[in-house]
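The sequence and structure are shown first.

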Amino acid sequence: MEQRNLTFIGIIPARFASTRFPGKPLAVLGGKMMIERVYTQVSKVLDHVVVATDDDRIMEAVAAFGGKAVMTSTEHRSGTDRCQEAYLKNGGGEDVIINIQGDEPFIQPDQLQAIMACFDDPTTDIATLVRPFDASRPYSELENPNSPKVVLDNQMRARYFSRSVIPFVRGKERDQWPALTQYYTHVGMYAYRANVLAEITRLPQSPLELAESLEQLRWLENGYTIKAGITTTATIGIDTPEDLARAEEYLRNS
């Protein structure tokens with residue numbers, strides 16, 4: 001497959017409704033709304049950035065700080081589906097769409113560059129990020145089901161994602177496992193070739209996806225290649241008001 005210089009668009013899905021933190025994109029962190037912080041960070045790398053929302057309040061807030069936003073359906077099941085609608089409405093025919101979570105205000109340029117570099121491989125359909133697990137960290141952090149793990153092959157392609165700890169190290173106590181093999185935790189940022197995004201948003205949910213509640217398993221089950229870029233940068237995702245308070249403390253101390 002002939003590879004050419006690819007063009008990229010960053011899309012930030014941002015819903016107002018959230019069970020644990022309603023209005024989260026408009027929450028103020030260090031004097032700026034969270035969605036503005038994410039937008040600003042992404043704009044350091046990408047020329048074309050769009051917020052995909054389902055709420056007029058977010059549309060107005062993005063316009064107020066000079067950003068670009070597009071209204072999307074309230075019926076989407078995932079950020080992936082919202083990205084596809086936003087791309088069709090406000091994309092400029094870019095080759096690759098990067099789906100950036102709207103609750104990651106400390107996303108770093110090198111993380112975006114790492115996911116973009118995955119498309120230097122012309123066989124990459126979808127890209128994501130992984131973080132090597134530090135063996136000095138408590139095993140309980142690795143065991144956390146809210147932090148999915150991923151197994152990679154020797155070409156940095158994802159073979160499986162799981163909420164369980166994988167791989168299993170036979171014959172050893174679990175707290176010894178991180179010192180015996182390299183574990184990778186998943187960082188929830190994705191990028192998709194435009195034709196692939198159109199295809200995967202039409203796929204029905206798959207058995208493994210339903211079992212683990214991880215949509216990327218649907219893509220693997222349907223034969224798509226997911227390439228992983230490595231990041232060692234720790235980011236702070238904000239799911240609750242308590243997370244926001246920790247992020248405020250992080251800002252004060254950084």
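The model is predicted: local features need pLDDT of at least 70, side-chain atom pairs count only at pLDDT 80 or more, and totals for chains, interfaces and linings use all residues. Residues are numbered from 1 along each chain as its sequence is written, and side-chain values use heavy atoms, with hydrogens and water left out.

**Nonpolar cores**

A nonpolar core is here a set of buried Ala, Val, Leu, Ile, Met, Phe, Trp, Tyr and Cys residues joined through side-chain atoms within 4.5 Å. Buried denotes under 20% relative accessible area, exposed over 50%, and partly exposed the range in between (1.4 Å probe, protein chains only). The largest core has 33 residues, of which I12, V42, V51 and I98 touch the most other members. At least two residues each come from β1 (8-14), α1, β4 (49-53), α2 (56-64), β6 (96-99), α4 (109-117), β7 (126-132) and β10 (184-193). These elements are DSSP runs numbered from the N terminus, helices being H or I of at least four residues and strands E of at least two. Another core, of 30 residues, lies apart from it and includes V70, A158, Y192 and L220.

With neighbours within four places in sequence left aside, the contacts of I98 include F8, I9, L46, L112, M189 and Y190; contact means heavy atoms within 4.5 Å.

Helix α1 (residues 34-43) is largely enclosed by the rest of the structure, because eight of its ten residues are buried. Those residues are M34, I35, E36, R37, V38, Y39, Q41 and V42.

**A buried arginine**

R82 belongs to helix α3 (residues 79-90) and is buried, at 1% relative accessibility. Beyond its neighbours within four places in sequence, R82 is in contact with P13, R15, A52, T53, D54, T72, S73 and H76. Its C-alpha atom is separated by 19 Å from that of A61, 21 residues apart along the chain.

**Backbone exceptions**

Most residues other than glycine have a negative phi, and most peptide bonds are trans.

The peptide bond joining I166 and P167 is cis, with omega about 5°. P167 is placed in the loop between β9 (158-162) and α6 (177-180).
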